[in-house]
Amino acid sequence: MTFLARFLATSLFVVGMAVLALMPATRSHAETIYVDEANPPFMYRAGDKATGIYPAMIQAIFLHAGIDVDIVAVPWKRAIENLDANKGGVAGIYKNLERQKKYYFSDPIHVERLMLYHHRDIAPKPDEIEDLRGQTVGVIRGWSYGDQIDDARKRGVFTASEASGDEQNFQMLSLGRVDSLIAIQEAGDVWIKRLKLDEKITRGEEPVRENTTYIVFNRASSAISMMTVINRSIEELRENGTLQRITEDVLQGASNY
């Protein structure tokens, strides 16, 4: 190798090292984000893949932020257990006082409308949580529905019947094994259509609760150092309409899952 070639090679190496020194440190592994495996169209398992609104949103948010991500669909209870054990983050989760003590929350990614579903022939039809007094109400195992609904459950306003997901709850309601159920509007309406329950089951016209959803990490996780970048990505994708388009695209094909 000539002196000129050695000089150029050395110079390029030095410049390259200087550039690397100026670059932000990159993570050597993908961040794991858990989602519910049984809450379509928001998040569910299709084969061995997590799919639905939240997995699509997380993929877009992390890609835009330049962060590798591995999205895993598991039972919701296990997702929370993994979060508590600091084994990864969770997406599509509500905020309540207890969770704020343990988890670090992103900016909002979506707003869910919680609706009451019941038999068409029930009278009077419940419109508010207090109207459920004395009823057995279908809920999803391991879920928090927000402080107001969780408190009503603790006070014994209604008796909760826990199921693994909305599908089981709607089957229970159709068989008369629960009096009402609480479900997110988009998910509940899809299950009524899919299970062909239009003539049996209807829902209230107004939500009993509107809950904002987030991405969260355990407060002991090193991943919270990325939250500023993640929040910037959320803001930019909301402003350019990407998050809304993801929701619309998934809901448009919801009858096909």
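Mentor: Begin with accessibility: a residue is buried under 20% relative accessible area, exposed over 50%, and partly exposed in between, with a 1.4 Å probe and protein chains only. The model is predicted, so local features need pLDDT of at least 70 and side-chain atom pairs count only at pLDDT 80 or more, while totals for chains, interfaces and linings use all residues. Residues are numbered from 1 along each chain as its sequence is written, and side-chain values use heavy atoms, with hydrogens and water left out.

Trainee: Which class does Ala56 fall into?

Mentor: Ala56 counts as partly exposed, because its relative accessibility is 29%. Ala56 belongs to helix H2; helices (H or I, at least four residues) are DSSP runs, numbered from the N terminus.

Trainee: How is the packing of two helices described?

Mentor: Two packed helices are described by the angle between their axes and the distance between the axes. Axes are lines fitted to C-alpha atoms, for helices over the stretch in contact, and angles run from 0 to 180 degrees between N-to-C directions. Here H2 (residues 53-65) packs with H9 (residues 242-252) at about 145°, the axes being 9 Å apart.

Trainee: Which residues of H2 and H9 meet?

Mentor: Contact means heavy atoms within 4.5 Å. On the H2 side are Ile53, Ala56, Met57, Ala60 and Ile61, and on the H9 side Leu243, Ile246, Thr247, Val250 and Leu251. The C-alpha atoms of Ala56 and Leu243 are 8.9 Å apart in space, although 187 residues separate the two in sequence.

Trainee: Is Asn169 buried or exposed?

Mentor: Asn169 counts as buried, because its relative accessibility is 1%. Asn169 lies in H6 (residues 166-174). Beyond its neighbours within four places in sequence, the contacts of Asn169 include Gly138, Val139, Ile140, Ser161 and Leu181.

Conventions. Helix = DSSP H or I, 4+ residues; strand = E, 2+ residues; numbered from the N terminus.
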